[in-house]
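This report describes one protein model and is meant to be read with the structure open.

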Amino acid sequence: MTQTLDQRLRQRICPNCVRRTRDGGCSLPADRPCSLFANLDEIVEIVRETRSKRIDPYVDTLRHRVCDACHFQNDHGRCPCREDVDCALDTYYPLIVEEIERYLNL
Ligand code: SF4
Ligand code: SF4
């Protein structure tokens, strides 16, 4: 059976995440969807459209296309989740980009 990208990311990212619980769940409250899986389609497009050996261009595009639209980020571009290392998308972004590139055979 071919694994979906969602499944691959759940296997690679969730076990390392600070929000992972002992029983294999996620401690995010029900009204706070995971930034990685809630924005997965947009993140895949960013990875498709960006070509660089450096992570910076991927981060810049993430800030413009995802963070600027995220209600956690304030008008000054600051995000308490990012500053508290409590956004899995931001914390594990290099691993996420790598996994998506692998999945897309880029
Ligand atoms: S916050 Fe996201 S990446 Fe972290 S355990 Fe929950 S679902 Fe997985
Ligand atoms: S770093 Fe902050 S603004 Fe960006 S996706 Fe995560 S929670 Fe939202």
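## Surroundings of the ligands

Around ligand 1 stand I13, C14, C17, R19, R20, C26, L28, C34, L36, F37 and A88. Sorted by class, this shell has nine nonpolar residues, two charged ones and no polar ones. The model in which these surroundings were found is a predicted one.

Ligand 2 has its own shell, made of S35, V66, C67, C70, F72, Q73, C79, C81, R82, C87, L89 and D90. Two helices, α5 (80–83) and α6, each give two or more residues to this shell. Its residues fall into eight nonpolar, two polar and two charged.

## The nonpolar core

How many residues make up the largest nonpolar core? There are 15, and L36 and I96 are the members that touch the most others. At least two residues of this core come from each of the helices α3 (40–49), α4 (56–65), α6 (88–91) and α7 (93–104). As background, nonpolar side chains tend to be buried together in soluble globular proteins.

L36 was named above in the shell around ligand 1. If neighbours within four places in sequence are left aside, the contacts of L36 are L9, I13, A88, L89 and I96. Among these partners, I13 and A88 also belong to the surroundings of ligand 1, while L89 belongs to those of ligand 2.

L89 itself is part of helix α6. Is L89 buried or exposed? L89 counts as buried because 22 C-beta neighbours lie inside 10 Å, and the limit for a buried residue is 20 or more. Beyond four places in sequence, L89 is in contact with S35, L36, N39 and I96. One of these, S35, is also listed in the shell around ligand 2.

## A pair of helices

Helix α1 covers residues 5–12, and its axis comes within 10 Å of the axis of α7. The two axes cross at roughly 145°. The crossing of α1 past α7 is right-handed. On the side of α1, the contact is formed by L5, R8, L9 and R12, and on the side of α7 by L95, I96, E99, I100 and Y103. Six of the residues in this contact are nonpolar and three are charged, with no polar ones.

| Pair | Separation in sequence | C-alpha to C-alpha distance |
|---|---|---|
| L104 and R48 | 56 residues | 8.1 Å |
| L89 and C34 | 55 residues | 8.0 Å |
| E42 and V66 | 24 residues | 7.6 Å |

L104 is a residue of helix α7. L104 counts as exposed because it has 11 C-beta neighbours inside 10 Å, and a residue with 12 or fewer is placed in that class. Apart from neighbours within four places in sequence, L104 is in contact with V47 and R48.

E42 belongs to helix α3. With 14 other C-beta atoms within 10 Å, E42 is partly exposed. Not counting residues up to four places away in sequence, E42 touches R65 and V66.

## Two residues with positive phi

Which residues other than glycine have a positive phi? One of them is V85, with phi near 55°. V85 is placed in the loop between α5 and α6. The count for V85 is 10 C-beta neighbours inside 10 Å, so V85 is exposed.

N105 also has a positive phi, about 55°, although N105 is not a glycine. Where is N105 found? N105 lies in the segment after α7. With 5 C-beta neighbours inside 10 Å, N105 counts as exposed.

Notes:
Residues are numbered from 1 along each chain as its sequence is written. Chains are lettered from A and ligands numbered from 1 in the order in which they are written. This is a predicted model: local features need pLDDT of at least 70, side-chain atom pairs count only at pLDDT 80 or more; totals for chains, interfaces and linings use all residues. A nonpolar core is a set of buried Ala, Val, Leu, Ile, Met, Phe, Trp, Tyr and Cys residues joined through C-beta atoms within 7 Å. Helices (H or I, at least four residues) and strands (E, at least two) are DSSP runs, numbered from the N terminus. Two residues are in contact if their C-beta atoms, placed from the backbone, lie within 7 Å. A residue is near a molecule or strand if its C-beta atom, placed from the backbone, lies within 6 Å of it. Ala, Val, Leu, Ile, Met, Phe, Trp, Tyr, Cys and Pro count as nonpolar, Asp, Glu, Lys and Arg as charged, and the others, Gly among them, as polar. Axes are lines fitted to C-alpha atoms, for helices over the stretch in contact, and angles run from 0 to 180 degrees between N-to-C directions. A crossing is left-handed if the near helix is turned anticlockwise from the far one by less than a right angle, and right-handed if clockwise.
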